[in-house]
Each structure stands twice: as structure tokens, then as C-alpha cells.
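Reader: I am new to reading protein structures, and I would like to go through one with you. Could we take a look together?

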Amino acid sequence: MQRYLAQKLTIYILTFFLAVTIDWIIPRFMPGNPVQTMLSRAALRAEAVEVMRGYYLRAFGLDVPVWQQYLNFWKAVFHGDLGVSVYLFPKPVIRVIAEAIPYTLAILVPAIVLSWIAGNKFGAFAARRRWLDNTVLPLGYFLTATPYMWLGILLAWGFGVGLGWFPIAGGYSFAMTPHLSWKFVLDLLWHWFLPFVSLFLVMFGGWAIGMRNMIIYELEADYVQYLESLGAPRKLIRRYAFRNAVLPQITGLALQIGTIAAGAVVTETVFSYPGIGKLLVEAIQNQDYFLIQGCFLFIIIGVLLANLIVDIAYLIVDPRTRRGMVGEI
Amino acid sequence: MPLLEVQDLRVYYQTIRGDVKALDGASFSLAEGEIMGLAGESGCGKSTLGRSLVLLKPPMKYVEGRVTLEDFSLPIWDREKMNAFRFSKISLIPQYAMNALNPTRKVKKIFTDILATKGIKGSQVLPELRRRLEMVELPLDVLNMYPIELSGGMKQRVVMVLSTFLNPSLLIADEITSALDVSTQRAVVKMLVDFRDRRVVRAMIVITHDISLLYQIADSILVMYAGKLVEKGTTEEILRAPKHPYTRFLIASLPDIGVRYGERKLEGVPGCPPLLLQPPRGCRFRERCPHAFEKCLEEPPFVAIGPSGRQVACWQALEEHA
Amino acid sequence: MKGEKGKKPKNEFLYFAWRNWKLRLGLAIVLFFVVLAIVGPRLTPHQPWAYVGPPARPPSKEFWFGTTMFGQDVFTQFVYGLYPVFLVGALGGGLATLIGTAIGFTAGYRGGWVDEILNTFTNVVLVIPTLALLLIIAAYLGVRSFFIQAVFIGCTAWPWTARAVRAQTLSLKAREFVDLARISAARPTKIILTEIAPNMLSYLVMVFILQFGGAILNAATLDFIGLGPTRGISLGLMMQMALLWGALPLGLWWWFVPPGLAIALLVGALYITNVGLDEIFNPKLREM
Amino acid sequence: MLELERVTKIYRLGVLGRKALKAVDSVSFTVARGQVISLIGESGSGKTTIGRMILRLTPVTFGRILFQGADISKFHGLALKNYYRRVQGVFQDPFSSYNPIFKADRIFNIVQREFFPHLTKGEWRERVANALCSVGLEPGEVLGKYPHQLSGGQLQRLLIARAMLLEIQFLVADEILSMLDASTRIDVLNLLAELKRIRDLAVLFITHDLSLAYYISDEAIIIYRGYIVEQGAIEKVFVSPLHPYTRMLLAAVPRLDRKWGPAEVGLKAQEGKIVGGCPYHDRCLHAEKEETCKHLKPSLVFVDDRHSVACHPMGRLAKGVSHGTSEARGTSVA
């Protein structure tokens with residue numbers, strides 16, 4: 001068990017290391033000197049240039065050797081000093097991101113958890129009847145194959161524009177200022193609903209299909225044969241098969257988190273939902289490189305944390321890893 | 001009244017090229033307390049016979065035949081109705097016993113779950129379970145372990161305990177020793193005999209290709225060839241006075257300690273068994289049989305039933321007898 | 001049971017392939033889009049970016065899929081946009097399959113520290129959110145083409161394939177025919193290519209199909225964010241344009257429905273084809 | 001011809017090989033030309049590992065394997081090819097020995113590709129036909145077929161024919177009969193014996209089946225958990241077995257001429273770590289009598305010139321024990 005966790009942690013630390021390195025390398029070694037582009041953009045405001053240059057010298061410090069620059073960058077990362085946003089000047093990147101995180105978490109966490117649970121239940125349910133399976137299967141595959149943004153656009157068009165039930169943009173109404181009241185919370189929920197549903201639906205299809213396939217494989221296993229020979233009712237057999245099929249689905253969840261994060265980026269863009277994804281896209285469009293770096297870093301951290309949580313969940317559910325019977329999943 | 005009576009059982013395998021006549025007519029009966037060995041080469045239908053008595057499902061196809069166990073006619077063609085008999089009346093230790101337990105459930109949980117389906121509470125049977133585990137020399141701790149923590153042999157013994165837990169009238173042990181070392185094999189086989197001696201089970205069919213093993217434990221032996229019964233008799237009869245040429249070949253091909261190549265050369269059975277997709281008319285063994293004559297080509301041999309239930313399906317043997 | 005199947009496996013394959021509705025349905029849809037991508041540009045007299053008609057018109061006889069805010073023909077954009085879908089799918093998916101397979105084979109067959117390093121590397125790339133990485137790479141690249149897009153997608157999508165191929169190689173390597181090839185003095189590369197790979201061919205085909213679909217989705221997402229190729233038209237770009245120029249509030253559904261629908265149908269069909277193939281390749285899943 | 005010198009195999013398990021499993025421990029023996037040696041043991045005894053090490057499918061951890069005086073681990077390129085020209089193997093599972101998607105006779109093509117690229121198609125075909133005849137197969141019946149169309153016995157014969165195409169002097173036969181039916185088993189065994197007689201072939205016959213081993217071998221090596229516990233001429237080992245383990249194995253064999261006696265045969269013990277002392281002592285019926293067994297690992301000592309045993313009480317019974325012979329045999333005292 002410790003071995004399993006140690007192995008996973010090694011990989012996460014390596015990944016983090018690699019991600020920060022990429023973050024450091026890309027603006028430096030890509031063609032077209034993006035740093036220069038950014039500075040020239042910021043030059044519109046004199047005070048911005050000063051601040052930028054200060055940070056630039058500190059963290060990037062082009063006058064010191066490359067390895068020193070790299071070290072300085074790490075130092076800055078650990079101090080939470082990710083520079084200042086050009087596009088939202090003079091806000092520090094870290095604060096811009098901190099404001100966006102709750103929105104992203106609000107749609108992602110429930111969408112992931114609920115779609116995983118509902119998808120698994122539904123997939124297992126569908127696998128038991130031929131006609132249900134034959135209708136659910138194409139539908140499920142169609143759903144997983146749907147680009148996140150397209151489903152978002154469709155929902156916005158249908159429920160937002162067409163029926164007018166939900167707003168199609170923003171995290172809350174323009175007329176409101178954030179404060180703690182029922183009215184505001186309801187308004188938040190009202191804006192939250194469509195982005196959440198569109199993420200939920202695409203993932204739901206994927207989990208349902210995954211579970212359906214796993215169950216069908218599982219029902220071929222020797223232990224199912226044996227249960228049948230002992231006259232076990234289908235209910236028990238399905239319960240056993242479901243339980244075993246859930247394990248690869250958990251592994252699947254870990255593998256999918258990166259893709260899901262990408263889905264969140266475009267969904268937020270479609271609904272102008274003020275999360276990290278939208279921030280990243282805006283940063284890209286405005287060539288705000290410090291903000292891009294910051295967003296990337298936070299997405300990585302989020303994905304790594306999510307992976308860690310999934311791993312721990314797996315550890316709890318699968319006795320094989322818990323008792324150190326297998327080294328890897 | 002025999003405990004088990006099987007009459008002209010036929011079970012085919014469906015394939016895209018037609019039915020493979022894997023079990024094409026077998027009749028026999030089993031007395032109270034009898035251990036019957038079911039022997040033959042791979043593909044002779046012995047496993048098909050064993051499996052179809054417990055779990056007959058596609059691609060297996062029931063064709064005809066009757067199975068009576070303790071005066072009940074078993075609906076072996078009905079997957080659902082058979083549930084009433086499985087486990088409690090007729091039970092199986094499968095060939096794949098080492099993989100037969102769900103790897104992610106504790107052994108205890110597997111027991112209680114499956115017993116619950118028969119309306120038995122796990123806590124009530126704990127003393128009995130303890131006794132049974134002792135019988136197969138398993139420590140009580142196995143109940144709190146996951147199957148993956150047990151060795152293959154231990155898993156197999158857990159399956160032996162589970163399969164026989166409700167004292168079934170008939171137990172079918174399908175090739176359970178083929179993956180075992182000689183020492184373990186002997187111990188496991190002794191346990192099977194113990195099950196019968198202690199009246200845990202009332203009768204047993206032991207499916208194996210190892211005739212010398214049957215000699216050690218079986219009361220009677222049924223030899224099959226190409227989907228058909230070839231010969232049945234008591235163990236002594238079959239081994240000391242085999243009547244069917246196939247049985248004779250089979251026994252003669254077995255090396256024994258004390259036999260060496262330089263001193264006495266043993267011979268195998270010449271030729272190959274026929275394809276069961278379209279088995280030949282007449283006797284199925286005739287191509288490999290040195291005694292075959294015209295009659296063997298035309299008609300499948302009549303199964304002669306001698307005194308004490310001895311059965312032989314061979315024209316030659318029949319004529320000798322006559 | 002052995003020795004009773006006299007038929008050649010090929011015939012059996014075709015027999016089951018024809019009986020499998022999932023395979024037929026999936027292939028039919030994929031084929032439809034392939035044909036449309038080839039024939040489509042010849043069916044329309046217009047160019048994708050040309051202003052050819054009145055703006056924001058719903059579908060009509062003249063403009064089958066209607067027109068955009070600027071009077072461009074949506075049908076023309078649509079059929080021209082299909083081609084890069086296949087290009088990026090085949091190239092990106094192919095590259096990902098290739099890299100993943102090569103790494104998986106090497107790690108699985110060589111074992112030892114080579115495996116240790118490759119496996120760790122694979123797992124690291126696996127947790128990095130691919131799209132976020134693609135986004136920042138694309139953001140810094142000034143000029144972008146479909147080709148570069150496909151290469152980037154291919155270079156980031158391989159890890160799961162490597163993992164799966166490695167696992168399969170490990171299990172195949174333990175089979176005795178590999179030992180037999182080794183004691184025939186065959187070289188490792190030869191063993192991988194002539195003994196192990198042929199056994200995984202059906203699996204690799206399925207992996208390629210999945211990678212193909214994945215590459216299409218990834219490309220569409222990049223295009224939609226505005227990080228697609230700097231020239232040309234694509235389905236993702238159409239959706240971006242539609243959203244950007246107010247097709248939503250104006251209700252110009254004909255502008256954004258076809259591109260997304262095509263992607264969903266095409267990728268969905270690829271996935272269903274895969275299930276069909278799985279059922280054919282894997283005798284246990286065949287329906288009698 | 002082939003010599004094993006204190007061959008040891010340690011498997012490393014876990015990340016960075018933190019756990020070590022000794023599969024084979026200082027095993028030494030020699031095989032002469034035309035000699036059939038049976039390597040007998042239960043599953044997990046290390047017998048298959050020894051076969052794989054000889055075939056260079058698994059590297060040796062400590063010790064050396066010498067073929068005609070040369071260390072086989074040093075063979076590369078052409079030398080390795082020449083080694084495989086003389087030393088070949090046949091494995092347990094005939095169905096897994098063939099790549100299921102190719103025709104069975106492809107195993108011959110690989111041999112031609114690697115060893116006889118200069119032969120013409122006609123010449124090669126003739127050689128294959130000869131080899132097939134020598135193993136009792138009709139070329140027309142087996143060539144051009146897929147593995148699943150052939151029986152296990154035919155497949156194993158094909159594998160032996162494949163080895164015969166080379167100038168083979170030594171064959172590792174690893175449980176080649178265990179998946180065959182009793183009726184075909186004996187034919188394949190006869191074939192091996194025949195080849196040994198005609199071609200002066202040396203065979204390492206790895207098996208857990210004592211009757212088969214007795215039928216064909218000149219010498220037997222009984223191996224338990226990686227250690228040789230008894231070794232000697234076949235009739236010595238089988239007729240007057242000395243090691244309690246050998247006796248237990250023999251008592252457990254189901255025989256056709258007599259029923260099992262009441263002899264106590266325990267289930268295989270759980271594989272714990274061998275702490276020192278006799279590897280068999282936790283299962284041994286004599287062990288309690290002897291305190292030495294618990295602490296001191298017995299070495300292989302000669303009982304007479306064709307029979308040796310690694311057991312304290314039995315070794316003492318031996319006539320003419322000398323330290324010289326024990327060390328020459330290369331067994332270690334822990």
C-alpha cells in the first residue's frame with residue numbers, strides 16, 4: 001500500500017516538475033519572442049511597463065545565467081509570485097486566478113461526481129436488457145463523441161434563447177454585485193445550471209458506456225460461471241459484476257481528468273462563465289503570458305490533486321492494492 | 001432405486017458450422033454412496049456431460065435425454081428452474097476452481113452472500129463452516145482473507161467447501177486435480193473420498209483423464225469416446241478385465257513406476273478421434289480399432305448391459321460374449 | 001474441441017462482421033462523411049470565405065444550410081471543413097498510435113530499467129492535461145497549420161495507448177511462441193514485429209480508431225478556442241465564428257448545428273464501429 | 001557436455017527489486033551425451049527456471065552454465081546462434097507454443113530464416129519432410145494447417161521435428177507431456193527415447209510425473225524449492241529413495257498396481273522464507289527428531305557412486321561420506 005502511494009506520488013511530483021519546466025521553457029524558446037510582444041503590448045501604459053519589467057528582471061532575469069533564471073522561476077512559483085496580469089492590470093495573476101477557481105470547481109466537481117455515479121448506475125442497468133442496451137449504446141456513444149462546446153451551444157440556444165429559462169452568459173447577473181443573500185445565491189445557481197448540465201451530459205454518456213462494456217466483460221469471468229453453477233440469482237451476480245466493474249471505472253476517472261478539464265475550458269467559454277477556463281482563453285486571446293502560465297500551473301495542480309483523490313479512493317475500494325498484491329493498476 | 005439416473009442424454013454445441021455432437025447419448029445410473037469416475041481423452045464429452053448436469057447454457061444445446069435425481073426429474077434444459085436444484089441437490093467443483101472466487105470479496109462475504117440466496121444466515125452456520133474448513137485443512141483465517149491472498153490450492157479447497165456446504169446429493173468434480181502436484185493431488189482426492197465417507201455428499205462423479213487416479217478412489221468407471229459411452233463397470237472390472245478395445249488401449253498406454261522404455265515399450269492409441277461436427281456412422285472408434293469389421297461401419301454399437309450394471313458398447317465384445 | 005473448426009478465420013471474420021449491426025451502422029456513417037468530404041466541394045459553386053448571398057438566411061433551395069452573418073454559404077464551409085477533420089484525425093490519430101505502440105512495445109518487451117523509465121515517463125505525460133498543454137503551445141505559435149496541429153495532437157495523445165500496448169505486450173511475451181522465436185535466435189525487433197505485433201493487429205486497429213476520434217475532438221476544441229490553423233476552414237472554426245458573431249442570440253441555428261452534429265455523428269460512429277469490431281474479434285462477446 | 005556450476009537464480013520483485021525470491025539455489029549437475037536426466041519437482045520448485053536458464057531465456061544470477069566447456073552467458077551473435085543450433089527446447093503448452101494466427105509450419109520457416117538462409121526451397125522442403133517422418137508425422141497431414149486444427153500430440157511432435165532440423169545435441173523438454181492425453185503421451189515419450197537412441201541426444205526431461213520420468217530417464221534429480229535434495233541413477237532413486245521428500249512423492253503417485261497406503265501425505269506447506277536449515281524440515285516427518293535439520297542446511301553427499309542425497313539423517317547412513325566429494329559436487333553448507 002505504501003508502495004502504491006509512493007509510486008503514484010513520485011509520478012505526481014515528476015509531473016509537477018515537468019509542468020513548471022514547460023511553463024518556464026515555452027515563453028523563452030518559442031519562436032517570435034513572446035515576452036517582447038507582451039512588453040510592447042503593455043507599453044500602452046507606462047506604469048505597467050515599470051511593474052512588468054521589475055517582475056521580469058526578478059523572475060526571468062535575463063541578465064543571469066539560464067540555470068539561475070530557472071531557479072529563480074521556481075522560487076517565484078513557491079512564493080506564489082506569478083507576475084501581474086497585463087490584461088487585467090494591475091491585478092497580480094495569483095489573485096485573478098483565486099477569484100476564478102470557485103466557479104470552475106462549482107461546475108466541475110458536481111459534474112464529475114454526479115455523472116460518474118449516474119453513468120455507472122445507468123450503464124449497469126442498461127447492460128441487462130438487450131433492447132435497452134441496443135438503444136442506450138448508440139446514444140451513449142453519440143453523447144461522449146459530442147464536442148463539449150457544441151452541446152453547450154445547443155443547450156444555450158434551446159433553454160436560454162429559445163425557451164428563455166436560463167441565462168446564457170456570465171456567472172451572475174450584470175445588475176448584481178456579489179454579496180451574501182438568498183437572492184444572489186439563487187442567481188448564481190441559475191447561471192450555474194446550464195454549464196453544469198452540458199458538462200454532466202457528455203461525461204454521463206462516457207461513464208454509462210464504460211460501465212456497460214465492463215459489465216459485459218465481467219459477466220464472462222469464471223467467478224460468474226461458478227455463481228451460476230451454484231444457482232445464484234441474477235441479482236447477486238450483477239451485484240458482484242458491478243462491484244468489480246467499478247474498479248476500472250475509477251482508474252478511468254483518473255485517466256479522464258485531463259480531458260474533463262479541457263471540457264471545462266470550452267464550456268466556460270461558451271457560457272462566458274468566469275472560471276479558469278474562460279480566463280485562460282481570454283489570456284490567450286490577449287496574449288497575457290503571465291496569466292497563461294498561471295492558469296496552466298493551476299490546471300496542472302488541480303488535475304494532480306484530483307488524481308491523488310481518485311488514487312486514494314481506489315486504494316479504499318480495491319483490496320488488491322490495499323494489501324499490496326499488485327504494484328500497479 | 002438408484003440415486004441418479006441419466007437416460008440417453010444428448011447435448012450439442014452450437015457453432016456457426018453446425019452442431020458439434022459433443023455428448024451424443026449416454027445412459028448410466030449412480031447408486032447411493034457411489035463414486036463414479038468419468039474418463040476419456042479431451043474432447044470426448046466428459047466435461048460436457050458434467051457441466052450439462054449443472055449449468056446448461058449457450059452455446060450448449062439440450063437435445064434430448066432425462067436426468068432423474070432422487071425421484072426428481074431435473075429440468076436441466078431450463079436455466080431458471082434448475083436454480084432450485086443447484087447447490088442444494090447437485091453441485092459442482094469446476095475445473096477453473098482456482099479462479100472461481102470473486103477476487104474483491106472476502107471469503108466470508110462470498111459464503112454469506114451465496115448462502116443468503118438459499119435463505120440461510122451466515123452467522124447460524126459458523127460452527128459448521130469451521131468444521132468443514134477443518135476437514136480440508138484450511139485455517140479459519142481464510143474467511144477474513146480475499147481470494148487473491150490465498151494460494152491456488154487453498155482457493156480450490158475453499159471452493160470444495162462452498163460447493164458441498166449444503167450437503168448436495170450429487171457432487172461433480174471436474175478435472176480438479178490436473179493442475180496439482182502429486183502430493184497435493186493425493187491430499188485433495190482423499191478429501192473427496194472423505195466427503196462421501198462422512199456423508200457430506202451422497203454420490204459423486206469425478207471427471208478426469210487420469211485413470212490411475214480413479215483406480216485409487218472410484219467405485220465405478222465410465223469411459224467415454226467421441227461423445228459416446230464406451231464402457232462402464234466397477235473399477236476392478238474396467239481395469240482388470242476391460243472389454244472395449246478403446247479401454248484396453250487406454251489402460252495399456254499408462255506408464256507405471258516400474259516400467260522402463262528399455263525393458264517394456266508401451267504404445268499409445270493409434271489415430272485420432274473423429275470430428276464431432278459430422279461423426280461417422282456406425283462405431284465411432286472403428287477407424288482406430290484393430291478388430292473392426294463390417295458391422296462396425298454400419299451400425300453404432302448396441303450398449304449391452306450385463307449383470308451388476310456393466311455396460312459395453314462394442315460389436316466385437318458383444319459377439320465374444322454371445 | 002480442438003481441430004473441429006475447419007474454416008479459415010478470415011471467412012469467419014467476414015461472417016460475423018456482416019451480422020454485426022454496430023459495425024454496419026458505424027461504417028455506414030463514417031463512409032457517408034468520407035464521401036461527403038470528397039464530393040461535397042464539387043457540389044457547391046462557392047468558396048468557403050466568399051460573401052455570396054444575403055446575410056443570416058435560413059436554409060433554402062439556393063443555400064442548403066443557410067448563410068452566415070456575413071452572407072457566406074454554410075454548406076460550402078461545412079463540406080470544406082470536413083476535409084481537415086479527416087486529415088487531422090488520420091494524421092494525429094495515426095501518429096499517436098505509432099508513438100504509443102512503439103513505446104509500449106519497447107517498454108513491455110525489454111522490461112527492466114528501460115521499462116521502468118518509459119513507464120514512468122508515460123504516466124507523467126498521462127496526467128498532464130493534454131489540452132491545456134496544447135493550448136499554451138498553440139498560443140505561443142504564431143503561424144499554425146493543420147499539419148502542425150495534427151503533429152501536436154499526436155505527440156500528446158499517445159500515453160494511454162502506450163500503457164495498453166505495454167500491458168498486452170507483457171502478456172504476449174509470456175507466451176511460449178515468443179520463447180520459441182527467441183531460441184530460434186531471432187532478434188528482439190524481429191520478434192516484436194513478426195510475433196507480437198501480428199497478434200495485436202486487431203487491437204491496434206481499434207486503438208487507431210479511438211485515437212482518430214480523439215484527435216478530431218481535440219482539434220475541434222483547439223479550433224473553437226481560436227487556436228486552430230491560421231488559414232483554412234474547419235468545423236471547430238465554424239462553431240467559434242457562430243458563437244463569436246452572435247448566432248446564439250439571433251437564433252441562426254443552421255450556422256452552429258451542422259458542424260457540431262457532424263463531429264458528434266462521425267466520432268460516435270467511429271466508437272460504435274469499434275464496439276462492433278470488438279465483438280467480432282473477441283469470440284466471447286459474439287452473439288450467436 | 002552441459003554443466004551447471006552452482007547456478008543460482010534470484011528473482012527481484014517490486015519496485016527497484018526490493019524483494020528477492022530465490023528460485024534456484026546453487027544447483028550443480030552435468031549432462032553427458034546421450035543421457036536423459038529427469039528434473040523432478042513440484043510447481044514452484046525451480047525446475048522450469050533451470051530449463052529456461054539453460055535455454056538462455058532467463059539470465060543466471062550467480063554461477064555458470066557451461067556448454068562443451070564454454071560459458072553460455074558469454075555467447076553473442078554467431079556464437080549464440082551456434083549454441084541454439086545444438087541446444088533446443090520444447091515447452092509445456094503446445095497450443096501456446098504456436099502463434100495462433102499463423103499456420104503451424106511457420107515454426108519451420110523461422111528456423112530456415114535464421115539458420116539455413118542459403119538452402120533452396122526444394123532442399124528445405126525435403127529436410128522438413130525428413131524431420132517430420134522422423135517424428136512419425138505425415139507431412140501431408142500437418143503442413144499448411146493452423147494450430148487449432150491439430151491435436152496437442154501432433155503439435156508437440158512438430159516442435160520436436162523443428163529441433164531435429166538443427167544439429168541438436170541437447171534438448172530441454174519442459175513438461176512437454178502434461179497437457180497431452182494419456183493416449184498420446186506415451187507416443188511422444190517413445191519418440192524422445194527413440195531419438196536419444198538413434199541420434200545420441202541428451203535430454204533434460206523436466207516433469208512432475210514420476211512414472212513418466214522413470215519410463216525414460218537414466219538419471220533423476222529431485223528438486224525442492226530450488227535445492228537438489230536427491231540425485232542419482234534412476235533405479236537407485238526410485239527403488240531405494242532416501243530423501244523423505246522423494247519418498248513422499250513416490251507414495252503419492254497414483255499407481256495401477258496398488259492402492260495408496262495409509263502413508264501420511266500433507267498438503268503443500270505455505271511457501272514461507274527458508275530461514276536456514278533444511279528447506280524441507282517444516283514438512284519433513286523426520287525433522288522433529290533432529291535438531292540439526294532446523295539449523296543446518298544439509299549438503300548433497302554421496303551414498304554410493306551413483307546416488308547422492310541432501311539430508312542429515314539419511315546422509316549419515318551413507319557409506320563412504322567424504323567432504324571431498326561433497327565439495328566437488330558444489331553444494332554449499334549455509
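Reader: In what order do the eight strands of the open sheet in chain D lie?

Author: Happy to start there, keeping in mind that this is a predicted model. The pairing in this open sheet is mixed. Reading across its eight strands, the order is E6-E7-E8-E3-E9-E10-E12-E11.

Reader: Which strands of chain D are the edge strands?

Author: Look for strands that pair on one side only. Neighbouring strands of this sheet are turned by 20° against each other on average, direction ignored. The two at the edges are strand E6 (87-90) and strand E11 (301-304) of chain D.

Reader: What is the bridge partner of D:Leu39 in E8(D)?

Author: Begin with the pair of strands: E3 (residues 36-40) and E8 (residues 202-207) of chain D run parallel and are joined by five bridges. In E8(D), D:Leu39 has as its bridge partner D:Ile206.

Reader: At what angle to E8(D) does helix H7 of chain D run?

Author: Helix H7 (residues 182-199) of chain D lies across E3, strand E7 (170-174) and E8. Another helix of chain D, H10 (residues 244-252), packs on the sheet too, touching E3, strand E9 (219-224) and strand E10 (227-233), and its direction makes about 105° with that of E9(D). For H7 of chain D against E8(D), the angle is about 155°.

Reader: What is the strand order of the open sheet in chain B?

Author: Here, too, eight strands form an open sheet with mixed pairing. Its edge strands are E7 (90-93) and E12 (303-305) of chain B, each pairing on one side only.

Reader: Which residue of E13(B) is the bridge partner of B:Glu231?

Author: Strand E11 (residues 228-234) and strand E13 (residues 311-313) of chain B run antiparallel, and two bridges join them. In E13(B), the partner of B:Glu231 is B:Val312.

Reader: At what angle does helix H1 of chain B run to E8(B)?

Author: Helix H1 (residues 46-54) of chain B lies across several strands, including E4 (35-39) and E8 (170-174). Helix H8 (residues 245-252) of chain B lies across E10 and E11, at about 105° to E10(B). The angle of H1 of chain B to E8(B) is about 140°.

Reader: How many helices does chain C have?

Author: Along its sequence, chain C follows the pattern α-α-α-α-α-α-α-α-α-α-α-α. Its C-alpha trace spans about 75 × 45 × 30 Å along its principal axes. Chain C has zero strands, and its helices number twelve.

Reader: What area is buried between chain A and chain C?

Author: The two chains meet through 57 residues of chain A and 51 residues of chain C. Carbon and sulfur atoms give 79% of the buried area. On the chain A side, A:Trp150, A:Ile153 and A:Trp157 supply 12% of what that chain buries against chain C, more than any other three residues. The area buried between the two chains is about 4,700 Å².

Reader: How many residues on the side of chain A that touches chain C are nonpolar?

Author: Three residue pairs are in polar contact across this interface. The residues on the chain A side include ten polar and five charged ones. The nonpolar residues there number 42.

Terms used. Residues are numbered from 1 along each chain as its sequence is written. Chains are lettered from A and ligands numbered from 1 in the order in which they are written. This is a predicted model: local features need pLDDT of at least 70, side-chain atom pairs count only at pLDDT 80 or more; totals for chains, interfaces and linings use all residues. Side-chain values use heavy atoms; hydrogens and water are left out. Contact means heavy atoms within 4.5 Å. Buried area is the accessible area (1.4 Å probe) that two parts lose on being put together, summed over both. A polar contact is a pair of N or O atoms within 3.5 Å; within protein, one must be able to donate a hydrogen and the other to accept it, and residues adjacent in sequence count only if both atoms are side-chain atoms. Ala, Val, Leu, Ile, Met, Phe, Trp, Tyr, Cys and Pro count as nonpolar, Asp, Glu, Lys and Arg as charged, and the others, Gly among them, as polar. Two strands pair if DSSP finds at least two bridges between them. Helices (H or I, at least four residues) and strands (E, at least two) are DSSP runs, numbered from the N terminus. Axes are lines fitted to C-alpha atoms, for helices over the stretch in contact, and angles run from 0 to 180 degrees between N-to-C directions.
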